[in-house]
Amino acid sequence: MTVKSEHAVYGPVKHGVPNTRAETTLAGLPPDEDRDEVQVFATNLDVNDEIGLDRCLTKKQTNRYRRRGGIKTAYSKIKEFAPWTTSTNFSVRLFHFGFAVLLYDLWLLVDFLVQTLIDVIEFRTKPRVTAPRFRAFLRRKVSALL
């Protein structure tokens, strides 16, 4: 693990000049069994790599960032299953979100079942059944019922 403090980043800042300097801390994790390359995190947290205890605490904090990426990806996929609405009624929007979560979970289940049916042992980050294909399948089945 490597930590670089006071790394300069330049860019627009709210209520500032267009090329303002901001400082952040970079923490680099070495490759492991999940990733082949070094993974770098930019953070404003107090992280350090001086002693073993500091490296352990820094690794715990960066592992929290790793899970965050998966959550963001899942949320963006859930939004693909949600119907478009202009309603400002909270109940309607909550129903749409809940229904989208159910469809998303159903898609994950179908993809998992497809992978087990073809005897796939290794973990794939890409699904075998894509979300657009699954939505098109559902659309055809629902229109056939109506």
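This is a predicted model: local features need pLDDT of at least 70, side-chain atom pairs count only at pLDDT 80 or more; totals for chains, interfaces and linings use all residues.
What is the mean pLDDT of the protein, and what share of its residues reach 70 or more? The mean is 80, and 84% of the residues reach 70 or more. Helix H1, residues 52-81, has the lowest confidence, with a mean of 73. Helix H2, residues 90-117, has the highest, at 89.

The structure holds 6 aromatic pairs. In one of them, the ring centres of Phe81 and Tyr104 are 6.4 Å apart and the planes stand at 70 degrees, so the pair is edge-to-face; the cut-off for that class is an angle over 60 degrees. Phe81 belongs to helix H1 and Tyr104 to helix H2, so this pair ties together parts that are 23 residues apart in sequence. Both partners are covered: Phe81 has a relative accessible area of 6% and is buried, and Tyr104 is buried as well, at 12%. Each of these values falls under the 20% limit for a buried residue. Phe81 and Tyr104 are also members of one aromatic cluster, together with Trp107 and Phe134.

A second pair sits within helix H2. The rings of Phe95 and Phe99 have centres 6.0 Å apart and planes at 15 degrees, so they are stacked; planes under 30 degrees apart fall in that class. Both residues lie in helix H2, separated by 4 residues, or about one turn of the helix. Is this pair buried or exposed? Phe95 counts as exposed because its relative accessibility is 55%, over the 50% limit. Phe99, at 41%, counts as partly exposed.

His96 is also found in helix H2. With a relative accessibility of 18%, His96 counts as buried. Apart from its neighbours within four places in sequence, its contacts are Ala82, Pro83 and Thr85.

Further along, attention turns to a group of nonpolar side chains. Leu106, Leu109, Phe112 and Leu113 make a nonpolar surface patch of about 370 Å². Leu113 is placed in helix H2 and is partly exposed, its relative accessible area being 43%.

Phe95, by contrast, is exposed, while Phe99 and Leu113 are partly exposed.

Note on methods: Residues are numbered from 1 along each chain as its sequence is written. Side-chain values use heavy atoms; hydrogens and water are left out. pLDDT is the predictor's confidence in each residue, from 0 to 100. Helices (H or I, at least four residues) and strands (E, at least two) are DSSP runs, numbered from the N terminus. Buried means under 20% relative accessible area, exposed over 50%, partly exposed in between (1.4 Å probe, protein chains only). Contact means heavy atoms within 4.5 Å. Patches are made of residues with over 30% relative accessible area and no salt bridge: like charges are joined within 9 Å, nonpolar side chains (Val, Leu, Ile, Met, Phe, Trp, Tyr) within 5 Å. Accessible areas come from the Shrake-Rupley method with a 1.4 Å probe; for residues, only the protein chains shown count as cover. A salt bridge is a side-chain nitrogen of Lys or Arg within 4 Å of a carboxyl oxygen of Asp or Glu. Rings of Phe, Tyr and Trp (its six-membered ring) pair if their centres lie within 6.5 Å; planes under 30 degrees apart count as stacked, over 60 as edge-to-face and the rest as tilted.
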